[in-house]
Every structure is written in C-alpha cells, then in structure tokens.
Amino acid sequence: MTTTASYTVAGMTCGHCVNSVTEEVSQVPGVTDVEVDLATGGLTVTSEQPVDETAVRAAVEEAGYEVSGR
C-alpha cells in the first residue's frame, strides 16, 4: 500500500529549484517518489507509510523554499 501527500511550495522559479526540492524531499525516510510541478508549485510525495509532514517541510526549507499549503 502506498500513500500520497500533496503540498504547495512557494518560491520555485526554475528547473534547478525543482531539482533541489526533489533531491531534499527524496531523502526523507520512507519516501519512494517525489513529483514537483514548477508551474503550480505542486509537490506530491509518495511513500509506503504516511510520512511526517514536519520532515517534508524541513526538507523543503533545506532546499531553500517554503511549504505554503497542503
């Protein structure tokens, strides 16, 4: 069974931004897939078990951006 969680990330402006967010969020324990939509700021996190939202937010912040919604 997999679960997905969707977030909105503020501040991304280019492909490098997408790569940074993808790389950081991919390192969160349990995450199996990360999809980022630059146009909408959408972030979809797929995992085998529900992932701690705090860890996802911290990973996005580590990449230099902010989760503006869920």
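Let me begin with a term: a residue is called buried when its relative accessible area is under 20%, exposed when it is over 50%, and partly exposed in between, with a 1.4 Å probe and protein chains only. By that rule, buried residues make up 37% of the 70 residues in this protein.

What you see is a predicted model, in which local features need pLDDT of at least 70 and side-chain atom pairs count only at pLDDT 80 or more, while totals for chains, interfaces and linings use all residues. Residues are numbered from 1 along each chain as its sequence is written, and side-chain values use heavy atoms, with hydrogens and water left out.

Now the fold. Taking helices (H or I, at least four residues) and strands (E, at least two) as DSSP runs numbered from the N terminus, we have two helices and four strands, arranged from the N terminus as β-α-β-β-α-β.

Turning to the interior, a nonpolar core here means a set of buried Ala, Val, Leu, Ile, Met, Phe, Trp, Tyr and Cys residues joined through side-chain atoms within 4.5 Å. The largest such core has 20 residues, and V21, V25, L43, V60 and Y65 have the most contacts inside it. Two or more residues each come from β1 (3–10), α1 (15–26), β2 (31–37), β3 (42–47) and α2 (53–62), and α1 gives the most, with four.

Across the protein, 60% of the contacts with a separation of 6 or more are between residues 24 or more positions apart.

Technical notes
Contact = heavy atoms within 4.5 Å.
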